[in-house]
Amino acid sequence: MSATCRRIALSATRLAALVLLATHAVHASSLESALQYMEQGNYSRAYTMLLPAAEAGDAEAQYLVGTMIIDEALPGIDQKQGVYWLEKAVQGRHMTAAQTLSKMYLSGYVVPLDVNRGIEYQALANRFRIPDEPAEECD
């Protein structure tokens, strides 16, 4: 993935996280702090703050941890760990995690190319979406 695509992915991650912050007040302060560290490029500090919430089952934290790992913002952590966290987030009905995994399987990025799994993850994302949001098409 090019540096520009990584920046776009991280920007989309930040935007999705900010939207969810408004609806998840319980974790808002730690997620907000982690997002500030991400904005500053201090991904290892953001990871340290998010990991306990991810391990506790918070789908947004799982998504953020997964995308930081996938986007190679955390050197030394195998990208397969990022896939693990994205899959956990999907189990928590995280729409954007499902969309991310869909794109990864459809392109063969980090995971083996698997069109059927890509389509399955996009179908899950469509089921998880908020009714007023348009469904994303598979590329």
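What percentage of the 139 residues of the protein count as buried? In this predicted model, in which local features need pLDDT of at least 70, side-chain atom pairs count only at pLDDT 80 or more, and totals for chains, interfaces and linings use all residues, 42% of the 139 residues count as buried; buried means under 20% relative accessible area, exposed over 50%, and partly exposed in between, with a 1.4 Å probe and protein chains only. Residues are numbered from 1 along each chain as its sequence is written, and side-chain values use heavy atoms, with hydrogens and water left out.

The protein has 7 helices and 0 strands, where helices (H or I, at least four residues) and strands (E, at least two) are DSSP runs numbered from the N terminus. Among contacts between residues at least 6 apart in sequence, 46% join residues at least 24 apart, a contact being heavy atoms within 4.5 Å.

Helix α4 has 12 residues and reaches 16 Å from its first C-alpha to its last, close to the 16 Å expected at 1.5 Å a residue; the expected span is 1.5 Å times one less than the number of residues. This helix is mostly covered, since 12 of its 12 residues are buried, including Glu60, Leu64 and Met68.

Two packed helices are described by the angle between their axes and the distance between the axes. The axes of α4 (residues 59-70) and α5 (residues 79-91) come within 7 Å and cross at roughly 155 degrees, where axes are lines fitted to C-alpha atoms, for helices over the stretch in contact, and angles run from 0 to 180 degrees between N-to-C directions. That makes α4 roughly antiparallel to α5, because angles over 145 degrees count as roughly antiparallel, under 35 as roughly parallel, 65 to 115 as roughly perpendicular and the rest as oblique. On the α4 side, the residues making the contact include Ala59, Tyr63, Gly66 and Ile70, and on the α5 side they include Gly82, Trp85, Leu86 and Lys88. By class, this contact has 9 nonpolar, 6 polar and 1 charged residues, with Ala, Val, Leu, Ile, Met, Phe, Trp, Tyr, Cys and Pro counted as nonpolar, Asp, Glu, Lys and Arg as charged, and the others, Gly among them, as polar.

Arginine 93, in the loop between α5 and α6 (95-107), has a positive phi of about 65 degrees although it is not a glycine, and Arginine 93 is exposed, with a relative accessible area of 54%. Valine 110, found in the loop between α6 and α7 (115-128), has a positive phi of about 75 degrees and is partly exposed, with a relative accessible area of 27%.
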